[in-house]
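This briefing is meant for a reader who is meeting this structure for the first time. Please look over the sequence and the model before reading the notes that follow.

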Amino acid sequence: ANVAFTLYAMDQERNNELSMAINTLVAYPDQCWDEDFQNEVFLACGIDCLTESEYEFILNTISEILED
């Protein structure tokens, strides 16, 4: 049970980091597509590396938010 909870907690923490990065990036629509700026935001949010699918999720979410 502890392993499952630990994995759940890590997953929640990761989701919080991704959400924070997305919210920060959409606050800067002129800079949010700049990879250097993205990297600074990711580091500030505690993300030192992203999987390909996480990065795609971030970009897709930014696109959807900025289109509205």
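Predicted model: local features only at pLDDT ≥ 70, side-chain atom pairs only at ≥ 80, totals over all residues.

**Salt bridges and the residues that form them**

R14 is buried, and E17 is buried as well. Both residues belong to helix α1, where they stand three residues apart, which is about one turn of the helix.

*The charged network*

- In general terms, side chains of opposite charge can pair when their charged atoms come close.
- The structure holds two salt bridges, and one of them joins the side chains of R14 and E17, with a distance of 3.4 Å from N to O.
- R14 also forms a salt bridge with E54, and here the closest N and O atoms are 2.7 Å apart.
- Like R14, E54 is buried, and the three residues R14, E17 and E54 are linked in a network of salt bridges.

*The overall fold*

- The chain contains three helices and zero strands, and read from the N terminus on, its elements run α-α-α.
- Along its principal axes, the C-alpha trace of the chain spans about 45 × 25 × 20 Å.
- Of the 68 residues of the chain, 26% count as buried, and R14 and E54 are both buried.

*How two of the helices pack*

- Two packed helices are described by the angle between their axes and the distance between the axes.
- Helix α1 and helix α2 (residues 35-44) pack at an angle of about 140 degrees, and their axes lie 9 Å apart.
- Because of that angle, α1 is oblique to α2, given that an angle has to be over 145 degrees to count as roughly antiparallel.
- The crossing that α1 and α2 make is right-handed.

*The nonpolar surface patch*

- V3, L7 and M10 make a nonpolar surface patch of about 330 Å².
- V3 has its place in helix α1, which covers residues 2-26.
- V3 counts as exposed because its relative accessibility is 62%, and the cut-off for exposed residues is over 50%.

- D36 is placed in helix α2, and its relative accessibility of 55% is the reason why D36 counts as exposed.
- Between D36 and S53, which are 17 residues apart along the chain, the C-alpha atoms are separated by 19 Å.
- N60 lies in helix α3, and because its relative accessible area is 46%, N60 is partly exposed.
- N60 and I22 are 38 residues apart in sequence, and the distance in space from C-alpha to C-alpha is 10.0 Å.

Note on methods:
Residues numbered from 1 in each chain as written. Heavy atoms only, no water. Patch = residues over 30% accessible without salt bridge, like charges linked within 9 Å, V, L, I, M, F, W, Y side chains within 5 Å. Areas by Shrake-Rupley, 256 points an atom, 1.4 Å probe, with all protein chains shown as cover. Salt bridge = Lys/Arg side-chain N within 4 Å of Asp/Glu carboxyl O. Helix = DSSP H or I, 4+ residues; strand = E, 2+ residues; numbered from the N terminus. Buried < 20%, exposed > 50% of the residue type's maximum accessible area, 1.4 Å probe, protein only. Axes fitted to C-alpha atoms, helices over the stretch in contact; angles between N-to-C directions. Parallel < 35°, antiparallel > 145°, perpendicular 65-115°, else oblique. Left-handed = near helix turned anticlockwise from the far one by under 90°.
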